[in-house]
Amino acid sequence: MAVEQSLTPHGEQTRIHDIGYRHYDGPRLGRAYARRSLYSQSLRGSYGLGRSVKSKVLPMLLFVVMCVPALIMVAVAVATKAKALPVDYTRYAVIMQAVIGLYVASQGPQSVSRDLRFKTVPLYFSRPIETVDYVRAKYAALASALFVLTAAPLIVLYVGALLAKLDFADQTKGFGQGLVSVALLSLLFAGIGLVISSVTPRRGFGIAAVIAALTISYGAVSTVQAIAFEQSSSSAVPWLGLFSPITLIDGVQTAFLGATSAFPGGEGPSSGQGVVYLVVVLGLIAGSYGLLMRRYRKVGL
């Protein structure tokens with residue numbers, strides 16, 4: 001019930017109304033719950049779940065585009081009773097790198113640019129959640145979404161290989177190697193995509209910059225590698241692969257996961273060069289996380 005009090009300072013009547021708001025006396029769920037909620041909402045948002053139909057079209061379309069070639073390969077392998085899959089598990093993501101780059105370009109800015117544009121980041125930090133919670137939740141959500149995108153077609157290939165009665169041990173080994181490869185790819189691409197997207201609140205600029213960093217860089221590096229190979233400078237080909245995210249993943253899986261390299265001539269980095277590739281990949285992942293932390297410490301002030 002509202003309570004009314006009357007005060008009359010200097011001959012003026014003033015009223016204070018107590019409208020009966022109740023204080024919250026329930027449990028405080030704290031930072032962990034807030035972090036999990038932010039992660040789950042960001043992951044769902046990466047596929048448009050819980051958002052408008054328009055927001056679902058592109059991520060779902062890209063997911064279908066990623067899986068359809070795998071379904072076709074499986075159908076051909078089963079129908080022709082092939083003795084091997086047309087593509088190795090570790091090669092699939094490299095072949096479909098343009099689709100993966102488009103997905104990161106569309107969902108990276110969607111994950112963070114809107115928060116920057118509408119200045120809602122300080123509102124997150126006004127609650128128990130802190131900078132590290134926000135960054136970890138956003139990073140983990142985009143990396144998880146990418147892993148779903150890249151692992152789903154590998155599952156299709158694996159199930160199809162078993163239906164085609166291919167060797168179980170070989171297929172299981174290749175499937176495991178493929179999962180390790182796409183997990184590393186997901187962490188690397190998510191970090192690069194979020195760092196670029198966090199620089200600008202304008203989604204269009206973020207999309208263009210991510211495409212340039214992921215897709216255009218691959219085309220440029222592949223072209224230079226082909227020129228070097230044709231000019232009999234094959235020793236330079238593995239080192240040129242350090243300048244593109246997808247060729248970095250290609251080099252790591254060639255050196256350590258027994259994959260066939262997509263480099264010109266099919267000669268990937270040696271074991272020693274592979275160590276350099278792995279250090280660069282891990283350094284980029286750690287550096288992306290560090291840059292995000294610095295960026296959002298400033299934004300949250």
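The chain exposes about 16100 Å², and carbon and sulfur atoms supply 64% of it. These accessible areas come from the Shrake-Rupley method with a 1.4 Å probe, and for residues only the protein chains shown count as cover. The model is predicted: local features need pLDDT of at least 70, side-chain atom pairs count only at pLDDT 80 or more, and totals for chains, interfaces and linings use all residues. Residues are numbered from 1 along each chain as its sequence is written, and side-chain values use heavy atoms, with hydrogens and water left out.

Buried residues make up 42% of the 301 residues in the chain. Buried means under 20% relative accessible area, exposed means over 50%, and partly exposed lies in between (1.4 Å probe, protein chains only). The chain carries 27 positive and 13 negative side chains. Lys and Arg count as positive and Asp and Glu as negative, while His and the chain ends are not counted. The centres of the two sets lie 4 Å apart. Each charge is placed at NZ of Lys, CZ of Arg, CG of Asp or CD of Glu.

The secondary structure comes to 11 helices and two strands. Helices (H or I, at least four residues) and strands (E, at least two) are DSSP runs, numbered from the N terminus. Along the sequence, the pattern is β-β-α-α-α-α-α-α-α-α-α-α-α. The radius of gyration is 25 Å, well over the 19 Å that the globule rule gives for 301 residues, so the chain is more spread out than a compact globule. This radius is taken over C-alpha atoms, and the rule is 2.2 Å times the number of residues to the power 0.38. Along its principal axes, the C-alpha trace spans about 95 × 45 × 30 Å. Of the contacts with a separation of 6 or more, 73% join residues 24 or more positions apart. Contact means heavy atoms within 4.5 Å.

Helix 11 covers residues 271-299. At 1.5 Å a residue, its 29 residues should span 42 Å, and its end C-alpha atoms are 42 Å apart, which agrees. The expected span is 1.5 Å times one less than the number of residues. The buried residues of helix 11 include Tyr277, Val281, Ile285, Ser288 and Leu292. An α-helix has 3.6 residues a turn, so residues three or four places apart point the same way. The buried residues of helix 11 pack against helices that include helix 4 (97-117), helix 6 (131-163) and helix 7 (168-197).

At 7% relative accessibility, Lys138 counts as buried. Leaving aside neighbours within four places in sequence, Lys138 is in contact with Leu38, Ser42, Ser111, Val112, Asp115 and Leu194. Val156 also has its place in helix 6. Val156 is partly exposed, with a relative accessible area of 21%. Val156 touches Ala70, Leu71 and Val74, not counting residues up to four places away in sequence. Val156 and Leu71 are 85 residues apart along the chain, yet their C-alpha atoms are separated by 6.6 Å.

Two loop residues have positive phi. Lys81 lies in the loop between helix 2 (53-80) and helix 3 (89-95). Its phi is near 55°, a positive value in a residue other than glycine. Lys81 is exposed, with a relative accessible area of 71%. Ser232 sits in the loop between helix 8 (203-230) and helix 9 (237-240). Phi of Ser232 is near 60°, again positive in a residue other than glycine. Ser232 is exposed, at 69% relative accessible area.
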